[in-house]
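The sequence and the structure are shown below.

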Amino acid sequence: MNPASTCAIIREMEITNLASEIKKQLPAELVNFMQVAGKVAANQGQNLYLVGGVVRDLLLRRTNLDLDLVVEGNAIELAQQLAEINQGKITTYPQFNTAKLQWGKWSVDLATARSETYTKPGALPKVKPSSIESDLSRRDFTINTLAIYLSPSRYGELIDRYEGRNDLEHKLVRILHPKSFTDDATRIWRGLRYEQRLDFQLEQETLQLLKRDIPMLDAISGDRIRYELECILQEERPEQVIRRDEELGVLIKLHPSLKGNGWLAEKFDQARQLSSPNPPPVELYLALLAYHLTDVEIEQLTAYLRLSKSIAQILRDGASIKSKLQLLAYPELRRSHIYRLLQGYSQSAIIANSLATGSAIARRHMETFLRTLRYVKPALTGDDLIRMGITSGLQIKEVLNLLHEARLDGKVTTKQGEVELVKGWMGEVT
Ligand code: CTP
């Protein structure tokens, strides 16, 4: 027997207790909550477990406060009891037998242990209540199958049925069985996301199966693919995932014209600098990702992903502004002209263009618009103009527009100045 496999057996025999890690890494309030929850569940004769990403991240010492609890019993009933104890509020999802519990600044997801069967590739699975063992066996990757007992008698004990810990140590993303990607091809997107987020590698067979099953993505609805894309764009470095998606022939499934190249990486990085300390909004990343698409291609992507009206509009705005970049690059542009070129467009579309354009002048004009011009308004209102004797609605509109333009171009800076300007114009007319 070689030393490596001996080591694996010893590890299997060992009972790993993570109670002290939990205490060290998670806030006391959450630790206290889990201990109480374990006791309450035990009093109802139910076993409770901490599962999935948070356990994985506990072992990796990565911050993760998204607690996912699984109960062998009834998650909604347990959530109701815990809500009373914590004076929290719950949202229940009876069709999935899950609940979200929120109190103070905390939020925890509770699910009833369940098994899943896939009737046909791409379809959502049929679920039924089950044991923790089956619940773990339906999961995507070994590193996500780790669980921790929360029941008082075994509090903190690690459950590792698929050698997830071993894969964590070897930095591997591995599926549980060869049909995993055919059952649910969204795992293709997920696998690459974990690989890049954690700086892991797809295990060799997993990689082969992933490549083999890429065509299975055709059976997945646009809504589910959009969700996966949104998850990618919420990663710390989405461009790395997108680059890898392109490398393996997955990005092409989204749209053949999308690219995960150095340009995108540079622009995403600039977007982060601009938004710092917050991450950029997903729609800004999306506008940059779709920046080189034609109008027709934007419509194809929008239809495929069933993008919301507002997000689709951002992509269209992006393309429309792009077609005006030559005008925006003109150095002598009056401020009122910049305003006219950019008014009405969404902020993310303007920012995407300002990051994407090679023209420093166009960029400066877009920045000026975002920083100041879009907020410039005349001080006089329609009512003021009526009081000054302008009665026709059309004229009022025209005068307000002229005042706006004068304000934008700095020809007038005070309300009194505006009054004088209007009087002057009135004098010209009479
Ligand atoms: N899961 C799965 N197949 C999917 C989606 C999810 O098997 N297509 C499983 C995974 O094992 C995961 C769990 O469901 O651990 C919850 O999924 P999700 O909410 O996406 O993961 P989190 O752990 O909450 O977040 P993350 O792993 O991104 O940190």
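## Aromatic pairs

Seven aromatic pairs are present in the structure. A pair is counted when the ring centres of Phe, Tyr or Trp (for Trp, the six-membered ring) lie within 6.5 Å; planes under 30 degrees apart are stacked, those over 60 are edge-to-face, and the rest are tilted. One of these pairs joins Tyr49 and Tyr149 in a tilted arrangement, with 5.2 Å from centre to centre and 50° between the planes. This pair links distant parts of the chain, since Tyr49 belongs to strand β1 (residues 47–51) and Tyr149 to strand β8 (residues 147–149), 100 residues apart. Helices (H or I, at least four residues) and strands (E, at least two) are DSSP runs numbered from the N terminus. Both Tyr49 and Tyr149 are buried; buried denotes under 20% relative accessible area, exposed over 50%, and partly exposed the range in between (1.4 Å probe, protein chains only).

Phe141, Phe181 and Tyr194 form one aromatic cluster.

## Basis of the model

The model is predicted: local features require a pLDDT of at least 70 and side-chain atom pairs a pLDDT of 80 or more, whereas totals for chains, interfaces and linings use all residues. Residues are numbered from 1 along each chain as its sequence is written, and side-chain values use heavy atoms, with hydrogens and water left out.

## Ligand site

Which residues come nearest to the ligand? Of the 15 residues around the ligand, these are Arg56, Asp140, Asp184, Tyr194 and Arg197; a residue is near if one of its heavy atoms lies within 4 Å of the molecule. Polar contacts are pairs of N or O atoms within 3.5 Å; within protein, one atom must be able to donate a hydrogen and the other to accept it, and residues adjacent in sequence count only if both atoms are side-chain atoms. An N or O atom in the side chain of Arg187 is 3.3 Å from a nitrogen atom of the ligand. Tyr194 places a polar side-chain atom 2.6 Å from an oxygen atom of the ligand, and for Arg197 a polar side-chain atom lies 2.8 Å from a ligand oxygen atom. On its own the ligand has 580 Å² of accessible area, of which the protein covers 74%; accessible areas come from the Shrake-Rupley method with a 1.4 Å probe, and for residues only the protein chains shown count as cover.

Two or more residues of the shell come from each of the elements α4 (53–60) and α9 (186–198). Helix α9 gives the largest share, six residues. By class, the shell has 10 charged, four polar and one nonpolar residue. In this classification Ala, Val, Leu, Ile, Met, Phe, Trp, Tyr, Cys and Pro are nonpolar, Asp, Glu, Lys and Arg are charged, and the others, Gly among them, are polar. The ligand lies between domain 1 (1–170) and domain 2 (173–307), because both give residues to the shell around it. The domain bounds come from an automatic or database domain assignment.

## Buried residues

Thr16 is located in the loop between α1 (3–13) and α2 (19–25). Thr16 is buried, at a relative accessible area of 15%, and its side chain makes a polar contact of 3.2 Å with the side chain of Arg165. Ser180, in helix α8 (residues 180–183), is buried with a relative accessible area of 0%.

Ile242 lies in helix α12 (residues 238–247) and is buried, with a relative accessible area of 1%. Arg272, in helix α13, is buried at 13% relative accessible area. The C-alpha atoms of Arg272 and Glu236 are 9.4 Å apart in space, while the two residues are 36 residues apart in sequence.

## Backbone features

Ser276 and Pro277 are joined by a cis peptide bond with omega of about 10°. Pro277 lies in the loop between α13 (262–275) and α14 (282–289).

Lys171 is not a glycine, yet has a positive phi of about 55°. Lys171 sits in the loop between α7 (164–169) and β10 (172–173) and is partly exposed, at 41% relative accessibility. Asp199, also not a glycine, has a positive phi of about 60°. Asp199 is found in the loop between α9 and β11 (201–202) and is exposed, at 58% relative accessibility.
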